[in-house]
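Trainee: Could we go through this structure together? I would like to understand how its parts meet.
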Amino acid sequence: MKNIIALSTLIFLFSACQKEEITISTNAKDLFYVKNKGASMPILVEGNTSQKAFVLVVHGGPGSDAMSTMNNTFMDVLEGKYAVAYWDQRNGGNTQGGANHDNLNIATMTEDLRAVVLTLKSRYGSNISVFLYAHSFGGCLSASFLTKSNYQTLVKGWIDIDGAHNFPLMDTESKKMQIAIGTVEKNAGRNVAEWTSLIDFANNNNPRENPTVSGKFNGNAYTAIKLIDEVNKVSLPKVNDLAYSPNSLLSRVINFNSVYFNNGLEQELFNTEFSSKLSTIKTPTLCLFGKYDFVVPPALADDVMAKIGSTFKKKVIFNNSGHDPYLTETVKLNAEIIAFIEQFK
Amino acid sequence: MKVTLTAFLTILSLGKSLFAQKNEVVNEKYQDEPISIFGNFIFQGIYPGFRIGVEQPLKQINYLDSFGKLKKHKDRAVQYSLGFYYHGGFHTNFFATSEYVFRRVNKNGGFREFRPGLSLSRTFLGASTYEVGTNGDVSKINGAGDFYFMPSLNFGVGKDYGLKNPSLPLNFSANLNLAGLLPYNGLVLPTPMLEIGFRYKFKNAFKTSLKVIDKQTKNK
């Protein structure tokens, strides 16, 4: 009996240590977790919570993170005006959990996103406006969320930054782009050897053959971006993982590999597309794509524009950007986002 | 190449037989030995912690030179401990550990040890945690966290002051504990820990039976 009392006391004490921080201010920094199907996912809310407009980062990857990778100086302007919620997805970043590979799929991650939105509303008020700031794979996940049931009513807008809502289309367009732009660059005498290698691979392989070949095209796409002189080069201040308490560098490394250790999600994504469901989305949508994004080509923005059911839809192409326009054309991108949020918050 | 290798192996085997010494068991007994208590400060990266436990000695093999003087001894023991570390915002990890000790102590009391072990770990998440029901209700979870297995390989060096001064059965050691939380999102989360601690043997502590073997060097 004594042991049970001691154990209960210990658990109570450490429950008490899990302090609740709900800050309404212009400089909030709240951390909390959402637990769903074996994953304990951290959400860090930073910035101005007093305006009741929340930018929810749906990061790329899968397996990457928001709390560290997406939380940098390029978000300062947005944090000054709104609250930015950095959510680490399951098997990504600082998300903790056990043996949960069975739940590593788009359907469960869609439910995770819903749980995060509902928790934000529960903590900061049901009247807050939530905008999905979706990048790369996050574009796929947010498309899944917005096309499921009536989930889109939970958010006020979709900011689709180089979002991969259609993987087969992404593969074929990436191949086309690598050949087309690569040929122009090669003929102009720029990085001839590198482009020759990329073009030869693209001409001799089909990215739709299997996820491995698709992955190789993906890797080549990142290489291609680096070869384009027009893409702005950036250097960001390093985030010190050790000093930044909620972060675990090792967790980030392990989780990134965890996603690809079990290829179930990779296999699922290979055939995932939401183009056929885009007409059901009525949410205001802002597509922001880099002109030289060989990873998720701008053709995917055209696909969204052509098929989405939203009354408000806008596409902006960033001429000096690849896959990360928030890094390479920060000011212009943030200006577009702020105008969008101000219109629909 | 083949000839050189053969010549090298031949010389090696000759040398071994010419200069070989043999340790013979000269004494074997069981004696009552008190258990030790130990406490370690833990640094999981920059995150602090502590653990406390007991060590139960199992076997001690004393190696004596040809004059009967102690050269070194090898110990086998088991350790049971409770510990935690605090990684603010991430989690606080409590663990109950059992380790098997392989230790080699030289005549001056300096020692090195290897301790494979297994822990049962329970983490408590570093901030308030919520779950959402199918109907959309949001509720807070108290004491949210996860159970993990935590296998570990612990390597250490230290000094046993009790060897030269039996009235002071105190040890200090520094250990690198290569542990990992398992399963962590289907894999293992490496949880390396630096441990600095002490071990003390109280005379009046609970006693356990220790097998002591003396081995003496005999020239062949």
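Mentor: We shall discuss the contact between the chains, then the strands, and then the domains. Please keep in mind that this is a predicted model.

Trainee: How many residues of chain B are in contact with chain A?
Mentor: On the chain B side there are 41 residues, and they are in contact with 42 residues of chain A.

Trainee: And what area is buried between the two chains?
Mentor: About 3400 Å² is buried between chain B and chain A, and carbon and sulfur atoms give 57% of that area. On the chain B side, B:Tyr130, B:Asn185 and B:Leu187 supply 21% of the area buried against chain A, which is more than any other three residues supply.

Trainee: Why talk about area at all?
Mentor: The accessible area lost when parts come together is often used to give the size of an interface.

Trainee: How many salt bridges does the rule find across the interface of chain B and chain A?
Mentor: The rule finds one salt bridge across that interface. B:Asp146 forms a salt bridge with A:Lys35, and their closest N and O atoms are 3.5 Å apart.

Trainee: Why can such side chains pair?
Mentor: Side chains of opposite charge can pair when their charged atoms come close.

Trainee: How many residue pairs are in polar contact there?
Mentor: There are 23 residue pairs in polar contact across the interface of chain B and chain A. Several strands of chain B each supply at least two residues to the side that touches chain A, among them β5 (91-106), β6 (110-125) and β10 (170-184). With five residues, β11(B) gives the most to that side. By class, the side of chain B that touches chain A has 20 nonpolar, 18 polar and three charged residues.

Trainee: Which strand of chain A is joined to β7(B)?
Mentor: Strand β1 (residues 28-36) of chain A is joined to β7(B) by two bridges, and the strands run parallel. The bridge partner of A:Tyr33 in β7(B) is B:Thr129.

Trainee: Back to β11(B): what does it pair with inside chain B?
Mentor: One partner is strand β2 (residues 36-44) of chain B, which pairs with β11(B) in the antiparallel sense over eight bridges. There, B:Gly39 has B:Phe198 as its bridge partner. Another partner is β10(B), which 13 bridges join to β11(B), again antiparallel. B:Ala179 stands opposite B:Thr191 in that case.

Trainee: How many residues lie between β10(B) and β11(B)?
Mentor: Two residues lie between them, and the two strands form a hairpin. In the turn, B:Asn185 has a positive phi of about 45 degrees.

Trainee: New topic. What are the domains of chain A?
Mentor: The domain assignment gives domain 1 (2-167 + 249-344) and domain 2 (169-226). Their C-alpha centres lie 29 Å apart.

Trainee: What do those two domains bury between them?
Mentor: Domain 1 and domain 2 of chain A bury about 1600 Å² between them, with 74% of it on carbon and sulfur atoms. A:Phe270, A:Phe294 and A:Val295 supply 49% of the area that domain 1 buries against domain 2, more than any other three residues.

Trainee: How many salt bridges and polar contacts are found across that interface?
Mentor: The rule finds zero salt bridges between domain 1 and domain 2 of chain A, and it finds eight residue pairs in polar contact.

Definitions and conventions: Residues numbered from 1 in each chain as written. Chains lettered and ligands numbered in written order. Predicted model: local features only at pLDDT ≥ 70, side-chain atom pairs only at ≥ 80, totals over all residues. Heavy atoms only, no water. Contact = heavy atoms within 4.5 Å. Buried area = accessible area lost by both parts, 1.4 Å probe. Salt bridge = Lys/Arg side-chain N within 4 Å of Asp/Glu carboxyl O. Polar contact = N/O pair within 3.5 Å; in protein donor to acceptor, adjacent residues only side chain to side chain. Helix = DSSP H or I, 4+ residues; strand = E, 2+ residues; numbered from the N terminus. Nonpolar A, V, L, I, M, F, W, Y, C, P; charged D, E, K, R; others polar. Pairing = 2+ DSSP bridges. Domains from an automatic or database assignment.
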